[in-house]
Amino acid sequence: MKRLFAVIGLGRFGYSVAESLVQKGCEVLAIDRDESKIQAISDIATFAIQCDVTDERTLKSVSTQNVDVAVVSIGENIEASIMIVQTLIEMGVKSIIAKAMTAIHGKIMSNLGVTEVIYPERDAAIRLAHRLASPKVLEYLELAPGYSVEEVVVPERFAGMSLEETEIRENHNLNVIGIKKQVNRMIRGQLKKEDAFNFNPSSGDRIEKGDVLVMIGKKHDLDLFSNSA
Ligand code: ATP
């Protein structure tokens, strides 16, 4: 049986979450008090209900189906998001993800017992600043505080070397877990460039200019590496 996701609050963030879940084939119950927001999503969401869910009876009555995951995407009105989270917990919803605009809002959500608090604006700002400060880092993912996976363009000094010859592990304390390359392929008589991903590189594999290294390690070591590149 498909999991049912309730998305409460269809601002820009909530709408995008609901839309992406639908595109991934999930069942979505979309809720907002604003009729225009409900009209905008009614063609794609499995259920779209217009109501003010600060009143716990209303929320309980519209969520007659078992909600597996609830995304509470109300940033401006902290009181409303507290009331909604409390009702969802009372209803026994196991997984609740709450959007917060401020640290205080996030702390209240955590204290109430939500599964996860997300700060979309803060996270987007951190991501942008990271990209601007380290242009050689194409993508990064924080795994645990202080540790991440990053995609870094191969520094020129390593072009043509094997992974072993670069001594990245010894000198930078980082592990290369993948190499992204562009390779030439003959397709219907024409030479075309295609992306290739070596996801389990061995020490003898060579890296070339333009390749991208996928590396795991301490954030500090990754910063030193990408800034020295
Ligand atoms: P975004 O930044 O994602 O666009 P926002 O944080 O600026 O959103 P909010 O004021 O948090 O916007 O509201 C998000 C949505 O939640 C709005 O569409 C609003 O109508 C809806 N909403 C707010 N309070 C309630 C409520 N009590 N019941 C149902 N929907 C609500």
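**Close-up 1. Lysine 180 and its salt-bridge partner in the predicted model.** Lysine 180 is partly exposed, at 32% relative accessibility. The model shown is a predicted one. Lysine 180 forms a salt bridge with glutamate 151, and their closest N and O atoms are 2.8 Å apart. Glutamate 151 sits in strand S8 (residues 147-153) and lysine 180 in strand S9 (residues 175-187), so the bridge ties together parts 29 residues apart in sequence. Is glutamate 151 buried or exposed? Its relative accessibility is 18%, and buried means under 20%, so glutamate 151 counts as buried.

**Close-up 2. The salt bridge between arginine 206 and glutamate 165.** The two side chains meet at 3.3 Å, N to O. Distant parts of the chain are linked here, 41 residues apart. Arginine 206 lies in the loop between strand S10 (190-198) and strand S11 (212-218). Glutamate 165 belongs to helix H7 (residues 163-166). Both ends are partly exposed: arginine 206 has a relative accessible area of 41%, and glutamate 165 has 45%.

Close-up 3. The side chains of glutamate 194 and arginine 185 form a salt bridge at 2.6 Å, N to O. Glutamate 194 is partly exposed at 29% relative accessibility. Arginine 185 is partly exposed too, with a relative accessible area of 40%. Elsewhere, shared partners join Glu56, Lys60 and Glu90 into one network of salt bridges. How many salt bridges does the structure hold? The count is 12.

Close-up 4. Around the ligand are 18 residues, of which Arg12, Phe13, Asp32, Gly75 and Lys99 come nearest. Aspartate 32 places a polar side-chain atom 2.6 Å from a ligand oxygen atom. For lysine 37, a polar side-chain atom lies 2.9 Å from an oxygen atom of the ligand. Glutamate 76 uses its backbone instead: an N or O atom there lies 3.1 Å from a ligand oxygen atom. Taken alone, the ligand exposes 640 Å², and the protein buries 87% of that.

**Close-up 5. The largest nonpolar core.** In soluble globular proteins, nonpolar side chains tend to be buried together. The largest such core in this model has 24 residues. Which of them touch the most other members? They are Ile8, Ile31, Leu59, Ile84 and Leu88. Strands S1 (4-8), S2 (27-32), S4 (69-72) and S5 (95-99) each give two or more residues to the core, as do helices H3 (56-62) and H4 (78-90). Leaving out residues up to four places away in sequence, isoleucine 8 touches Ile31, Val53, Leu59, Val71, Val72, Ser73, Ile74, Ile84 and Leu88.

How values were computed. Residues are numbered from 1 along each chain as its sequence is written. This is a predicted model: local features need pLDDT of at least 70, side-chain atom pairs count only at pLDDT 80 or more; totals for chains, interfaces and linings use all residues. Side-chain values use heavy atoms; hydrogens and water are left out. A nonpolar core is a set of buried Ala, Val, Leu, Ile, Met, Phe, Trp, Tyr and Cys residues joined through side-chain atoms within 4.5 Å. Buried means under 20% relative accessible area, exposed over 50%, partly exposed in between (1.4 Å probe, protein chains only). Helices (H or I, at least four residues) and strands (E, at least two) are DSSP runs, numbered from the N terminus. Contact means heavy atoms within 4.5 Å. A residue is near a molecule or strand if one of its heavy atoms lies within 4 Å of it. A polar contact is a pair of N or O atoms within 3.5 Å; within protein, one must be able to donate a hydrogen and the other to accept it, and residues adjacent in sequence count only if both atoms are side-chain atoms. Accessible areas come from the Shrake-Rupley method with a 1.4 Å probe; for residues, only the protein chains shown count as cover. A salt bridge is a side-chain nitrogen of Lys or Arg within 4 Å of a carboxyl oxygen of Asp or Glu.
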